[in-house]
Amino acid sequence: MYYTENPNYRFTPSNLQSHQPGDVLRYWIQAFDEVGVGATETEKAEYLNVNGFGSEWSSVVEMTMKK
């Protein structure tokens, strides 16, 4: 789970989960009208989900890793 308050997001090697070439990573996006409450990104995202502030989840985005 990743939480950001920025209007955009870029996948970089430092924020991708561990993977091997050929692995398929699947991601879903959810938007919020509120700012999360908590000490960590996970706590903020959990707060928003538990309290029903989020949109519906997006369709899945799949990335096949090349390296």
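## Basis of the values

The model is predicted, so local features need pLDDT of at least 70 and side-chain atom pairs count only at pLDDT 80 or more, while totals for chains, interfaces and linings use all residues. Residues are numbered from 1 along each chain as its sequence is written, and side-chain values use heavy atoms, with hydrogens and water left out.

## Overall fold

The protein chain has one helix and two strands, in the order β-α-β along the sequence. Helices (H or I, at least four residues) and strands (E, at least two) are DSSP runs, numbered from the N terminus. Strand E1 covers 24-27, helix H1 covers 41-50 and strand E2 covers 61-64.

Along the principal axes, the C-alpha atoms fill a box of roughly 35 × 25 × 20 Å. Of the 67 residues, 15% are buried. Buried means under 20% relative accessible area, exposed means over 50%, and partly exposed lies in between (1.4 Å probe, protein chains only). Among contacts (heavy atoms within 4.5 Å) between residues at least 6 apart in sequence, 63% join residues at least 24 apart.

## Nonpolar core

The largest nonpolar core has five residues: Leu-16, Leu-25, Tyr-27, Met-63 and Met-65. Such a core is a set of buried Ala, Val, Leu, Ile, Met, Phe, Trp, Tyr and Cys residues joined through side-chain atoms within 4.5 Å.

Leu-16 is found in the segment before E1 and is buried, at 19% relative accessibility. Not counting residues up to four places away in sequence, Leu-16 touches Phe-11, Leu-25, Tyr-27, Met-63 and Met-65. Its C-alpha atom is separated by 10 Å from that of Tyr-2, 14 residues away along the chain. With the same exclusion of sequence neighbours up to four places away, Leu-25 touches Leu-16, Gln-17, His-19, Val-61, Glu-62, Met-63 and Met-65.

## Aromatic pairs

The structure holds three aromatic pairs. In the pair of Tyr-9 and Phe-11, the ring centres are 5.1 Å apart and the planes are at 90°, so the arrangement is edge-to-face. Rings of Phe, Tyr and Trp (its six-membered ring) pair if their centres lie within 6.5 Å; planes under 30 degrees apart count as stacked, over 60 as edge-to-face and the rest as tilted. Tyr-9 is partly exposed at 33% relative accessibility, and Phe-11 is partly exposed at 32%. The rings of Tyr-47 and Phe-53 have centres 5.9 Å apart and planes at 35°, so this pair is tilted. Tyr-47 is partly exposed at 30%, as is Phe-53 at 32%.

Tyr-9, Phe-11 and Tyr-27 form one aromatic cluster. Phe-11 is in the segment before strand E1. Leaving aside neighbours within four places in sequence, Phe-11 is in contact with Leu-16, Tyr-27 and Met-63.

## Loop between H1 and E2

Phe-53 lies in the loop between helix H1 and strand E2. Phe-53 and Pro-13 are 40 residues apart in sequence, and 30 Å separates their C-alpha atoms.

Gly-52 is in the loop between H1 and E2 and is exposed, at 56% relative accessibility. From C-alpha to C-alpha, Gly-52 and Phe-32 are 9.4 Å apart, with a sequence separation of 20 residues.

## Largest pocket

About 820 Å³ of space lies in the largest pocket. On a 1 Å grid over the protein atoms alone, a pocket is an open set of points where a 1.4 Å probe fits, with protein on both sides within 12 Å along at least five of seven lines; lining residues have an atom within 4 Å of a point. Grid points are joined across faces, edges and corners, and the volume is the space filled by probe spheres set on the points.

The lining has 23 residues, and Tyr-2, Tyr-3, Trp-28, Ile-29 and Gln-30 lie nearest the centre of the pocket. By type, the lining divides into 14 nonpolar, seven polar and two charged residues. Here Ala, Val, Leu, Ile, Met, Phe, Trp, Tyr, Cys and Pro count as nonpolar, Asp, Glu, Lys and Arg as charged, and the others, Gly among them, as polar.
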